[in-house]
Amino acid sequence: MHHIMVREALSGISGSISLASWILVFVPQLTENYKAKNAQGVSLAFLAVWFVGDITNLIGAVWAQLVPTVIALAFYFCIADIILILQCLYYNYLFDRIFHKLPLTENVSADGPQRPLLARQTGDAGLPGTHHYSTSQGQSDIDAEEAVLADDIEGNGWASSWVKNTLYLFGVCVCGAIGWAIAWKIGLWVPVPEQQGNIDAGGHIGAELLGYVSAACYLG
């Protein structure tokens, strides 16, 4: 085990915390989508552009033969993008159709897809079970969404959200610091000596172009 200076230790811990932050950056959004059973707040166009940026970043990292940590992180970003895109597609286009629309269409007459809405507005019971579903099941979904919004707006969940976010941020820092300590103890992390002279940056023009494309996608 190498003896390190305080400056080197702080540098390693900061880098490890940064790595932990990038790894866990998608977790809050994935969790929020799962809890709300909705992903309307996430733009698929944005995710598509972001995914292109991560793909070009991964290809450029492999092409330029960057350190394994950078390549692994770029690969993780691509996987996380795919998971988030699939989650958005599921909740935005399949979830309602599977758990809400199919039971409605099975119980309504040939009056058309607007029958449950008209029945709820006019008070017409329609077919047996139709009015019961549109008023009880539909209203329960609306009440659940309104309760979540009320907690966020009226402050019932405002303080708790600050506490959760603070604890989450603290947990990320602790995980990063512990990860660095373990890597240092087992010899996976060692201080890199400063390189003298000019570093050869040639031979990877294609990787550099992919890096610019990736940066443009991130900014866009």
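From the N terminus on, the elements of the chain run α-α-α-α-α-α-α-α. That comes to eight helices and zero strands, where helices (H or I, at least four residues) and strands (E, at least two) are DSSP runs, numbered from the N terminus. The model is a predicted one, so local features need pLDDT of at least 70 and side-chain atom pairs count only at pLDDT 80 or more, while totals for chains, interfaces and linings use all residues. Residues are numbered from 1 along each chain as its sequence is written, and side-chain values use heavy atoms, with hydrogens and water left out.

Confidence comes up before anything else. The chain averages a pLDDT (the predictor's confidence in each residue, from 0 to 100) of 74, and 65% of the residues score at least 70. Helix α3 does best here, with a mean of 92, whereas helix α5 (residues 115-122) has the lowest mean, 44. Over residues 103-140 the pLDDT is below 50, and beyond near neighbours in sequence this stretch has 29 contacts in the model; a contact means heavy atoms within 4.5 Å.

On to the overall numbers. The accessible surface of the chain comes to about 15200 Å², with 67% of that belonging to carbon and sulfur atoms; such areas come from the Shrake-Rupley method with a 1.4 Å probe, and for residues only the protein chains shown count as cover. Of the 220 residues in the chain, 23% are buried, where buried means under 20% relative accessible area, exposed over 50%, and partly exposed in between (1.4 Å probe, protein chains only). Among contacts between residues at least 6 apart in sequence, 73% join residues at least 24 apart.

The largest nonpolar core has 12 residues, among them Phe-26, Val-42, Leu-47, Leu-73, Phe-77 and Phe-95. A core of this kind is a set of buried Ala, Val, Leu, Ile, Met, Phe, Trp, Tyr and Cys residues joined through side-chain atoms within 4.5 Å. Helix α4 (residues 68-107) supplies the largest share of this core, eight residues. Leu-73 touches Leu-19, Trp-22 and Ile-23, leaving out residues up to four places away in sequence.

Helix α3 (residues 44-63) has 20 residues and reaches 28 Å from its first C-alpha to its last, close to the 28 Å expected at 1.5 Å a residue; the expected span is 1.5 Å times one less than the number of residues. At its start, a side-chain oxygen of Ser-43 comes to within 3.4 Å of the backbone nitrogen of Ala-45. Just after α3, Gln-65 takes a positive phi of about 55°. The buried residues of α3 include Leu-47, Gly-53, Asp-54 and Leu-58. Phe-46, also placed in α3, counts as partly exposed because its relative accessibility is 43%. The C-alpha atoms of Phe-46 and Gly-220 are 8.3 Å from each other, though 174 residues apart along the chain.

Ser-16 is buried because its relative accessible area is 15%, whereas Ile-13, at 24% relative accessibility, counts as partly exposed. Leaving aside neighbours within four places in sequence, Ser-16 is in contact with Gly-176, Gly-179 and Trp-180, and Ile-13 touches Ala-177 and Trp-180.

Conventions: A polar contact is a pair of N or O atoms within 3.5 Å; within protein, one must be able to donate a hydrogen and the other to accept it, and residues adjacent in sequence count only if both atoms are side-chain atoms.
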